[in-house]
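Try each task before reading its solution.

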Amino acid sequence: MTIRDHDNQSIRSQIFAKLKKALADGPAASARRANVEQRLAQPPAHPLPQRVRRTADELRTQFRSFLEGQSATVHEVTSRDEVPATVAAYLRSNNLPQTVRCGQDAYLAALPWDREPTLQRQFGPAIATDPVGLSHALAGIAETGTLAMASGHENPVTINFVPETHVIVL
């Protein structure tokens, strides 16, 4: 060990000794520990922006307004069983082919696609000739109009960007 290494060891030991002393149990440490335990047991309410202090209907309207402000078309359904018919009707009303590219998403796979026999689903990552992509969003954030989506073989990220039209089921 050189003199320099010895000096560094000594300095390091002094620093650790000061930290140990500062963190030692005593009245101040006990008070801090009690404060932490109380905050964990009863966390304080965090401030909420005004635009999220709304009813569910107001938040839905706000979310829809954000999406439509970004040129999205929003269709609401009352049941998941209505999704295939709504997708097919949207494609017909916009003169789009009745073919969508989608991943292996379990939620989408469980929908009653057989009720729309003219609607074809192709699976896997999008390719350049795909006119329509179909994805499933995990959540919608009304405060910002954001759709939270996971990517993977269930929802290939290429579906978000390659087809000119992207249909998202939330």
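**Exercise 1.** Find the element that holds Ile 15, and decide whether Ile 15 is buried, partly exposed or exposed.

*Solution.* Step 1: in this predicted model, Ile 15 sits in helix H1, which covers residues 3-23.
Step 1: the relative accessibility of Ile 15 is 48%. Buried would need a value under 20% and exposed one over 50%, so Ile 15 counts as partly exposed.
Step 2: now look at its surroundings.

**Exercise 2.** Locate Ala 142 and list its contacts, leaving aside neighbours within four places in sequence.

*Solution.* Step 1: Ala 142 belongs to the loop between strand E4 (139-141) and strand E5 (146-148).
Step 1: although Ala 142 is in a loop, its relative accessibility is 16%, so it counts as buried.
Step 2: the contacts of Ala 142 are Leu 59, Gln 62, Phe 63 and Phe 66.
Step 3: for a sense of distance, go to Asp 81, which is 61 residues from Ala 142 along the chain. The C-alpha atoms of these two residues are 24 Å apart.

**Exercise 3.** Which residues form a salt bridge with Glu 76, and where do the partners lie?

*Solution.* Step 1: recall the idea behind such pairs. Side chains of opposite charge can pair when their charged atoms come close. The cut-off used here is 4 Å from nitrogen to oxygen.
Step 1: Arg 60 meets Glu 76 at 3.7 Å, N to O. Arg 60 is in helix H3 (residues 56-69), while Glu 76 is in the loop between H3 and helix H4 (83-93), 16 residues apart.
Step 2: Arg 64 also pairs with Glu 76, and their closest N and O atoms are 3.1 Å apart. Since Arg 64 lies in helix H3 and Glu 76 in the loop between H3 and H4, this pair ties together parts twelve residues apart in sequence.
Step 3: check the exposure of each residue. Arg 60 is partly exposed at 41%, Glu 76 is partly exposed at 49%, and Arg 64 is partly exposed at 27%.
Step 4: widen the view. A network of salt bridges links Asp 57, Arg 60, Arg 64, Glu 68 and Glu 76.

**Exercise 4.** Work out whether Arg 101 and Asp 130 are buried or exposed, and say how their side chains meet.

*Solution.* Step 1: the two side chains form a salt bridge of 2.9 Å, N to O.
Step 1: Arg 101 lies in strand E1 (residues 99-102) and Asp 130 in the loop between strand E2 (120-123) and E3, so the pair ties together parts 29 residues apart in sequence.
Step 2: Arg 101 is buried at 10% relative accessibility, and Asp 130 is buried at 6%.
Step 3: to finish, the count of salt bridges comes to six.

Definitions and conventions. Residues numbered from 1 in each chain as written. Predicted model: local features only at pLDDT ≥ 70, side-chain atom pairs only at ≥ 80, totals over all residues. Heavy atoms only, no water. Helix = DSSP H or I, 4+ residues; strand = E, 2+ residues; numbered from the N terminus. Buried < 20%, exposed > 50% of the residue type's maximum accessible area, 1.4 Å probe, protein only. Contact = heavy atoms within 4.5 Å.
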